[in-house]
Amino acid sequence: AEPWLAGHRGVDLAGHTGEPVRAAGTGVISFAGSIAGIGVVAVTSGALRTTYQPVRPSVHRGDQVVAGDVLGRLILTGSHCLPTACLHWGLLRGDAYLDPLALLGLEVVRLYPD
C-alpha cells in the first residue's frame with residue numbers, strides 16, 4: 001500500500017528456463033547485472049524504464065535495443081513462481097510504478113476506495 005514497503009510491482013509472465021527475454025520497446029540499456037543475487041536488465045526510453053528479472057543478461061549498459069531484441073535468458077531463481085520460471089516485468093516513470101501491460105494495450109483500470 002505504501003511505496004517504500006516490500007511488494008511486487010509489475011506482472012509475472014510464465015516461461016521456461018533458458019528462454020530468450022526480449023525488449024518490449026526501443027531504448028538504451030541502463031542496467032544489466034545483479035541486484036541481491038538476481039539478474040536484472042533495465043531499458044530506458046525517455047521517461048519510461050522497463051525492468052526484466054530474473055535474467056542472465058547478454059547486453060551491457062549503454063547498448064541500444066529495439067523491440068524484440070534479446071536482452072538475455074530467463075533463469076530459475078528462488079521466487080514465488082517456483083518450481084517453474086517466470087519473468088518479472090516492470091514499468092516505471094521516474095519512481096512511479098506503472099502497469100507494463102499498458103505497453104501492449106492490455107492494462108486494467110483498478111479503482112481503490114478512498
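Setting aside neighbours within four places in sequence, Val-43 contacts Gly-25, Gly-27, Val-28, Ile-29, Ser-30, Leu-48, Arg-49, Thr-50, Tyr-52, Val-65 and Leu-71. The model is predicted. The protein has ten strands and zero helices. One disulfide is present.

**Fold and surface**

- Read from the N terminus, the order of elements is β-β-β-β-β-β-β-β-β-β.
- The protein has 114 residues, and 29% of them count as buried.
- Take the contacts between residues at least 6 apart in sequence: 56% of these join residues at least 24 apart.
- The accessible surface is about 7,200 Å². Carbon and sulfur atoms account for 57% of that surface.

**Confidence**

- Mean pLDDT for the protein is 87. A score of at least 70 is reached by 84% of the residues.
- Among the elements, strand β7 (residues 64-65) has the highest mean pLDDT, at 98. Strand β10 (residues 96-98) has the lowest, at 86.
- Where pLDDT is low, predicted coordinates should not be read in detail.

**Nonpolar core**

- The largest nonpolar core holds 15 residues. Ile-29, Val-41, Val-43, Tyr-52, Leu-71 and Leu-87 touch the most other members.
- Two or more residues of this core come from each of β4 (38-45), β8 (70-74) and β9.
- Strand β9 is the top contributor to this core, with three residues.
- Nonpolar side chains tend to be buried together in soluble globular proteins.
- Val-43 is among the residues that touch the most other core members. Its contacts beyond the sequence neighbours include Ile-29, Tyr-52 and Leu-71, which are also on that list of core residues. Other contacts of Val-43 include Gly-25, Ser-30, Arg-49 and Thr-50.

**Disulfide**

- Cys-81 and Cys-86 are joined by a disulfide, with an S to S distance of 1.8 Å.
- The S-S torsion of Cys-81 and Cys-86 is about 65°, so this disulfide is right-handed.
- Cys-81 is buried, and so is Cys-86.

**His-88**

- His-88 sits in strand β9 (residues 85-93).
- Its relative accessible area is 12%. His-88 is therefore buried, the cut-off being under 20%.
- The side chain of His-88 makes a polar contact of 2.6 Å with the side chain of Asp-12.

**Backbone exceptions**

- Most residues other than glycine have a negative phi, and most peptide bonds are trans.
- Pro-54 belongs to the loop between β5 (48-53) and β6 (55-57).
- Pro-83 is in the loop between β8 and β9.
- Ala-36 lies in the loop between β3 (27-35) and β4.
- Relative accessibility of Ala-36 is 79%. Ala-36 therefore counts as exposed, the cut-off being over 50%.

Key: Residues are numbered from 1 along each chain as its sequence is written. This is a predicted model: local features need pLDDT of at least 70, side-chain atom pairs count only at pLDDT 80 or more; totals for chains, interfaces and linings use all residues. Side-chain values use heavy atoms; hydrogens and water are left out. Helices (H or I, at least four residues) and strands (E, at least two) are DSSP runs, numbered from the N terminus. Buried means under 20% relative accessible area, exposed over 50%, partly exposed in between (1.4 Å probe, protein chains only). A polar contact is a pair of N or O atoms within 3.5 Å; within protein, one must be able to donate a hydrogen and the other to accept it, and residues adjacent in sequence count only if both atoms are side-chain atoms. Contact means heavy atoms within 4.5 Å. Accessible areas come from the Shrake-Rupley method with a 1.4 Å probe; for residues, only the protein chains shown count as cover. A disulfide is a pair of cysteine sulfur atoms within 2.5 Å. pLDDT is the predictor's confidence in each residue, from 0 to 100. A nonpolar core is a set of buried Ala, Val, Leu, Ile, Met, Phe, Trp, Tyr and Cys residues joined through side-chain atoms within 4.5 Å.
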